[in-house]
Amino acid sequence: MLLGRLRARPPARHGWLGTQFQRLWFPSVLLLSAFCAFLALALRSTPPPVAAAGQQSGEMTNAGPQTPVFDQQHRPITAGGFVKTGPVVFMDATKESGLSSWRNVTGTPDKRVIIEAKGSGVCLLDYDHDGWLDIYLVNGSTLDALAGKTSPPHAALFHNNHDGTFTNVTASAGVANDRWGTGCVVGDFDNDGWPDLYVTNVGPNRLYRNNHNGTFTDVAEKAGVALDEHSAGMVVDHTGATFGDYDGDGNLDLFVAGYINFDLKDALLSASKPHGYDFCQYRGVQVMCGPRGLVGAHDHLFHNNGNGTFTDVSKKMGVDDPNGYYGLDALFADVNNDGKPDLLVADDSTPNYLYINTGNGTFKDESYQNGFALNGDGREAANMGLAVGDYQNNGHLSVVSTTFSDDYPILFENDGTGAFTDVSYQAGIADPSIPFVKFGDGFLDYDNDGWKDLFIINGNVYPQVEQHPEWGQSYAQRPLLFHNLGNGKFALVPAVEGTGLARLTVGRGAAFGDLFNNGKIDVVINSMDGTPLLLRNVSPDHHHWVELKLIGGPKSPRDAVGATVYLTANGMRQRGDVLSGGSYLSSNDMRVHFGLGNANKVDQVEIHWPSGNVEKLGLPFVDRIYTITEGKGITGAMCDGKSCDPFH
């Protein structure tokens with residue numbers, strides 16, 4: 001790509017001046033960008049030429065090779081750089097939790113076609129209403145299984161046993177999904193008070209409706225959201241999905257991103273012989289092709305009709321991605337603070353989309369005008385995961401988009417109007433992250449100091465990097481945790497040997513939530529061709545916290561997706577949102593978590609419900625999980641993992 005080959009440190013644009021620069025600069029280059037996009041689309045119709053050593057052709061990165069980074073033992077920094085002592089924040093609790101009994105299976109070890117490399121997501125949901133988060137892990141598949149030659153692998157639903165262990169209940173729950181799974185998202189689409197589960201696939205998707213008895217029923221076809229799009233051997237690779245009530249009718253609508261139109265016949269040929277290796281290279285080495293050179297798939301927005309069915313309104317709303325970009329993740333979130341959920345779409349190797357909700361049931365594409373389409377270089381990136389949060393405690397939702405190696409994760413700082421500025425280098429997250437292939441990400445206050453930190457999950461897509469140590473890359477990679485310093489900057493937390501931050505994995509999707517109801521945010525990672533990782537938060541801090549489970553009233557979605565909470569304590573005002581989706585192909589704990597630092601009381605909670613109602617209330621105690629019902633105030637609480645009287 002013409003713009004995609006540029007690589008330079010972004011200019012120091014920040015504050016009001018940076019925002020004005022972006023607003024003036026992006027429209028001024030719109031014609032140039034359109035020309036480049038047209039040229040890129042034209043080039044996609046023909047295979048890229050064979051690249052010489054040191055050049056790339058067909059790979060996922062849009063930036064040129066960077067200088068390799070090694071640690072003192074000359075290990076790639078992606079698999080090294082550990083310290084012997086330091087703060088221990090996360091520990092690997094996978095084995096004792098029981099999650100190691102399940103394994104992800106995605107394609108062949110050498111990853112000859114792109115759907116074998118993207119990986120799968122993970123969702124956290126309390127499917128049985130016992131007050132404890134359960135875990136759903138999406139599985140991939142194999143080309144032989146798609147062709148009917150072998151049995152497909154299955155997804156897994158793990159029930160939380162309340163004692164640090166989980167039990168696989170997939171078969172009894174009916175959520176095995178014997179298709180090639182990619183992502184999942186949680187939302188109560190029928191407003192019955194029980195979380196439902198939407199699973200995206202290569203091919204038709206599933207909508208698992210919660211039956212209230214520990215089981216689910218796939219109603220995707222009946223509801224009109226299966227997206228069984230196929231013709232002449234082509235199937236669509238569906239990826240990130242998100243629920244949100246875009247028109248304010250109290251029912252959750254559904255957006256589904258499309259990645260590529262996948263030629264199954266060609267893929268089977270590629271699996272049997274090095275067909276796909278004939279012309280696609282990474283640093284002069286033959287690898288799988290894509291996404292550039294492949295046909296992009298369209299996105300879909302489904303309006304909830306309120307009767308168990310949906311209507312596809314993608315084209316009508318102008319959010320169907322007529323450019324055929326490579327959509328990987330999506331999220332409904334209110335980025336301009338008008339009480340209406342906007343729509344963010346992370347596109348791989350193509351410009352991102354930012355659709356602003358106009359408030360009259362329609363969207364306006366402001367991707368370029370608001371600085372979200374491109375990074376600070378004026379260049380499209382290989383965008384993958386989306387983290388959304390108010391990391392500055394100024395009431396504005398900023399966004400981190402993860403990217404490929406040789407490129408930096410993009411921190412889009414929000415000025416409060418939905419206009420974004422790339423502050424990745426200024427914030428300190430760019431340089432340490434460049435060697436990593438970055439997928440799942442999330443804002444979380446791991447030490448409950450009142451400031452949202454940033455966690456990034458990593459893992460390469462090319463197993464071939466292991467045969468080239470001079471590149472300074474590894475296939476399995478360690479995660480990155482950035483501590484929020486409270487001044488707009490982050491500091492990388494050292495990876496102590498033997499702890500969760502030193503765990504190597506081919507990471508993909510990740511979900512963040514309080515799995516043990518102790519006020520600490522944990523992380524579950526879906527790992528390519530391996531067991532998942534449960535990184536338990538063991539931060540030694542003694543800070544206080546509260547969590548809020550919101551239940552919407554008659555004019556809001558029942559699970560309160562789209563609600564915004566402002567909490568004031570210790571002279572600090574924090575923001576938390578109820579979101580469905582995010583990270584990478586995943587869905588997080590919907591309970592809103594606030595770290596309080598040393599404050600032992602909450603001054604005020606202000607809830608902006610999706611219905612438009614604003615409710616202010618106090619919390620009698622800290623270190624509890626409160627249930628708050630719209631119009632009724634506090635209706636329940638959990639103390640030390642057990643139900644308790646919220647007022648005593």
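Are Cys280 and Cys289 buried or exposed?

Analyst: The model is predicted, so local features need pLDDT of at least 70 and side-chain atom pairs count only at pLDDT 80 or more, whereas totals for chains, interfaces and linings use all residues. Residues are numbered from 1 along each chain as its sequence is written, and side-chain values use heavy atoms, with hydrogens and water left out.

Both Cys280 and Cys289 are buried, where buried means under 20% relative accessible area, exposed over 50% and partly exposed in between, with a 1.4 Å probe and protein chains only. The two are joined by a disulfide with an S to S distance of 1.9 Å, a disulfide being a pair of cysteine sulfur atoms within 2.5 Å. The torsion about the S-S bond of Cys280 and Cys289 is about 105°, so this link is right-handed.

In the disulfide of Cys123 and Cys184, the sulfur atoms lie 2.3 Å apart. This pair links distant parts of the chain, 61 residues apart, with Cys123 in strand β3 and Cys184 in strand β7 (residues 181-187); strands are DSSP runs of E, at least two residues, numbered from the N terminus. Its torsion of about 125° makes the disulfide right-handed. Cys123 is buried at 0% relative accessibility, and Cys184 is buried at 3%.

Cys639 and Cys644 form a disulfide with sulfur atoms 1.8 Å apart, right-handed with 60° about the S-S bond. Cys639, at 15% relative accessibility, counts as buried, whereas Cys644, at 21%, counts as partly exposed.

Conventions:
Helices (H or I, at least four residues) and strands (E, at least two) are DSSP runs, numbered from the N terminus.
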